[in-house]
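These are my notebook entries on one structure. I set down what I looked up, entry by entry.

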Amino acid sequence: MASTFVNWLRSPAGRQYFFSTHFWGPVANWGLPLAAIADLKKDEEVISGPMTTALACYSFVFMRFAWRVQPRNYLLFACHLCNSTAQSIQGARFVNYWNMGGREKKLAAAAVPVEGSPAGGVAEAVRKAEAEKIAGK
């Protein structure tokens, strides 16, 4: 198997592939899914819903393109499959945080007062102010 690949790599067809945009375009595009995977560890507060949606849609469109182009570009397809998956996870994190109560749970966990401590009143005031801000007052 390895010798077959090495023979193909040394052939004009192999050199033509590795010096084409059919190869280097997807290689350059891998920056998108790598950045999206790195962003999965970041705080939900900084996720941009519109940008996440745009990047997911972009990758879905180019997955179809990579599949339909002849010859099929499996490297480009894999790149956009990885990116659309990571962006979909980011989108789910965004919706959970801003629309499904994730933010409130995080704020409540961060502001749990200790009984009898002077910070208990401050934590309660912060929680109340955040609740009013969320309610739009």
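**Entry 1. Terms and basis.** I call a residue buried under 20% relative accessible area, exposed over 50%, and partly exposed in between, using a 1.4 Å probe and protein chains only. I work from a predicted model, in which local features need pLDDT of at least 70, side-chain atom pairs count only at pLDDT 80 or more, and totals for chains, interfaces and linings use all residues. Residues are numbered from 1 along each chain as its sequence is written, and side-chain values use heavy atoms, with hydrogens and water left out.

**Entry 2. Confidence.** I looked up pLDDT, the predictor's confidence in each residue on a scale from 0 to 100. The protein averages 82, and 86% of the residues score at least 70. I then asked which elements have the lowest and the highest mean pLDDT. Helix α8 (residues 119-135) has the lowest, at 70, and α5 the highest, at 94.

**Entry 3. Overall make-up.** I took helices (H or I, at least four residues) and strands (E, at least two) as DSSP runs, numbered from the N terminus. I found eight helices and zero strands, in the order α-α-α-α-α-α-α-α along the sequence. Of the 137 residues, 22% are buried.

**Entry 4. Helix α6.** I followed helix α6 over residues 74-99. Its 26 residues reach 36 Å from first C-alpha to last, close to the 38 Å expected at 1.5 Å a residue; the expected span is 1.5 Å times one less than the number of residues. I listed its buried residues as L76, C79, H80, N83, S84, A86, Q87, Q90, R93 and Y97. Just after α6, G101 takes a positive phi of about 90°.

**Entry 5. S59 and H80.** I next asked what S59 is in contact with, leaving aside its neighbours within four places in sequence. The partners are H80, N83 and S84. S59 is found in helix α5, and I count S59 as buried because its relative accessibility is 0%. H80 lies in helix α6 and is likewise buried, with a relative accessible area of 0%. Not counting residues up to four places away in sequence, H80 touches N29, Y58, S59, F62 and M63.

**Entry 6. Salt bridges.** I searched for salt bridges, each a side-chain nitrogen of Lys or Arg within 4 Å of a carboxyl oxygen of Asp or Glu. Side chains of opposite charge can pair when their charged atoms come close. The structure holds four salt bridges, and I recorded several of them.

- K42 and D39 meet at 3.3 Å, N to O. K42 is partly exposed at 47%, as is D39 at 29%.
- K106 and D43 meet at 2.3 Å, N to O. K106 lies in helix α7 (residues 102-110) and D43 in the loop between α4 (31-39) and α5, so this pair ties together parts 63 residues apart in sequence. Both are partly exposed, K106 at 37% and D43 at 32%.
- E44 and R93 meet at 3.6 Å, N to O. E44 lies in the loop between α4 and α5 and R93 in helix α6, so this pair ties together parts 49 residues apart in sequence.

**Entry 7. Surface residues.** I noted a nonpolar patch on the surface formed by F5, V6, W8 and L9, with about 320 Å² of accessible area together. Patches are made of residues with over 30% relative accessible area and no salt bridge; like charges are joined within 9 Å, and nonpolar side chains (Val, Leu, Ile, Met, Phe, Trp, Tyr) within 5 Å. W8 lies in helix α1 (residues 2-10) and is partly exposed, with a relative accessible area of 33%.

Finally I turned to R64, in helix α5 (residues 49-68). R64 counts as exposed, at 55% relative accessibility. I noted that R64 and F77 are 13 residues apart in sequence and 7.8 Å apart in space, C-alpha to C-alpha.

Key. Areas by Shrake-Rupley, 256 points an atom, 1.4 Å probe, with all protein chains shown as cover. Contact = heavy atoms within 4.5 Å.
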